[in-house]
Amino acid sequence: MTKSNLHTHSYYDDGQDSIDEMVQTAADKGFTVLGFSGHAYNPLDECSMTPEKTNQYRQDVKRWKNNPPKGMAIFLGIEEDSMNPVNPEDYDYVIGSVHYLTKNGQAWPIDYSQECFEQMLAQGWNNDIYALCKAYYQAIKAQAENERMQIVGHIDLIAKYNDDQKYFRFDDPKILAMAKEAIEALAHAGKIFEMNTGAISRGYRSQAYPSDQILDLIFQNQGKLLINTDCHNRENLDLGIDECLKRAKTAGFTELYTLTQDGFVGVPIDEFQG
Ligand SMILES: [Zn+2]
Ligand SMILES: [Zn+2]
């Protein structure tokens with residue numbers, strides 16, 4: 001069986017637990033693949049790792065990578081923000097995430113708080129949700145050209161505060177067309193999409209990213225898929241993986257991706273456990 005999570009945070013960024021605690025709990029929970037993906041340094045983001053912390057983080061994870069608990073492979077990854085490119089040679093893999101949108105020289109955080117989201121919509125995009133979504137999905141689409149990253153981080157981040165469809169409808173054809181353009185480009189570039197349960201653990205959403213409509217689009221475009229929890233503490237290392245496995249099967253996926261010493265591979269979905 002495979003139990004995999006490649007999107008995890010520790011106390012080196014805005015996570016709560018040490019690398020040791022995360023590894024220990026992952027071993028207790030039966031993980032076979034564990035990847036760390038600390039927030040790469042972004043001067044705008046106080047949750048990201050400073051260059052000094054990044055060095056400590058890398059050393060700490062490498063210690064476990066070279067001497068993992070029995071039955072588990074550990075990888076050193078990074079969550080890159082699209083504003084600040086990382087050096088991919090420093091890492092086993094890179095998650096590419098769009099956390100900010102820039103308009104007229106000003107960078108707006110997408111997921112900092114609902115208040116910030118509304119400010120961005122009003123002041124940056126004149127309350128035009130279609131224009132905002134267009135800017136978002138174009139930024140996501142541009143990640144197809146990003147050769148540093150393998151995994152597309154939380155493709156539905158724009159919907160973090162939209163669980164009740166307050167700002168837009170997930171089945172709105174105009175929104176779906178924007179998302180489709182991005183997904184086509186990313187799938188064509190061989191990027192791996194993630195189902196991400198992070199916003200559930202923090203109480204913002206009842207369902208993992210992405211929405212069913214986006215998941216269907218990924219499937220229709222033969223996109224590669226993996227399941228990550230984007231957890232910020234050890235308890236949530238496997239939060240919602242069961243539910244994601246069910247949704248991925250319902251959407252038609254027969255294999256999911258995980259990381260091995262030889263790189264990313266597709267594994268039959270029935271071999272995964274939550
Ligand atoms: Zn993120
Ligand atoms: Zn994250």
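1. Contact, as used in this note, means heavy atoms within 4.5 Å. Among contacts in the chain between residues at least 6 apart in sequence, 69% join residues at least 24 apart.

2. This is a predicted model, in which local features need pLDDT of at least 70 and side-chain atom pairs count only at pLDDT 80 or more, whereas totals for chains, interfaces and linings use all residues. Residues are numbered from 1 along each chain as its sequence is written, chains are lettered from A and ligands numbered from 1 in the order in which they are written, and side-chain values use heavy atoms, with hydrogens and water left out.

3. The secondary structure comprises eight helices and eleven strands; helices (H or I, at least four residues) and strands (E, at least two) are DSSP runs, numbered from the N terminus. The chain has a radius of gyration of 18 Å, close to the 19 Å that the globule rule gives for 274 residues, so it is as compact as a globular protein of that length. That radius is taken over C-alpha atoms, and the rule is 2.2 Å times the number of residues to the power 0.38. The C-alpha trace spans about 55 × 40 × 35 Å along its principal axes.

4. Of the 274 residues in the chain, 54% are buried. Buried means under 20% relative accessible area, exposed over 50%, and partly exposed in between (1.4 Å probe, protein chains only). The accessible surface of the chain comes to about 11900 Å², and 44% of this belongs to carbon and sulfur atoms. Areas come from the Shrake-Rupley method with a 1.4 Å probe; for residues, only the protein chains shown count as cover.

5. The chain carries 25 positive and 41 negative side chains, and the centres of the two sets lie 2 Å apart. Lys and Arg count as positive and Asp and Glu as negative, while His and the chain ends are not counted. The place of a charge is taken as NZ of Lys, CZ of Arg, CG of Asp or CD of Glu.

6. The structure holds zero disulfides, a disulfide being a pair of cysteine sulfur atoms within 2.5 Å. For Cys47, the nearest cysteine sulfur is that of Cys116, 12 Å away; Cys47 is partly exposed, with a relative accessible area of 24%. For Cys133, the nearest cysteine sulfur is again that of Cys116, at 17 Å. Cys133 is buried, at 0% relative accessibility.

7. Glu80 lies in strand 3 (residues 73-81) and is buried, at 0% relative accessibility. Beyond its neighbours within four places in sequence, Glu80 has contacts that include Ala40, Asn146 and Arg148.

8. Gln143 is located in the loop between helix 4 (129-142) and strand 7 (151-152), and is buried, with a relative accessible area of 6%. Its C-alpha atom is separated by 8.7 Å from that of Val98, 45 residues apart along the chain. Val98 is also one of the residues that Gln143 touches, as are Met149 and Lys191.

9. Most residues other than glycine have a negative phi, and most peptide bonds are trans. The bond from Tyr209 to Pro210 is cis, with omega near -10°; Pro210 is in the loop between helix 6 (198-201) and helix 7 (212-220). Gln222 has a positive phi of about 55° and is exposed, at 69% relative accessibility. Asp230 also has a positive phi, of about 50°, but is buried, at 5% relative accessibility. Gln222 is placed between helix 7 and strand 9 (224-228), and Asp230 between strand 9 and helix 8 (241-251).
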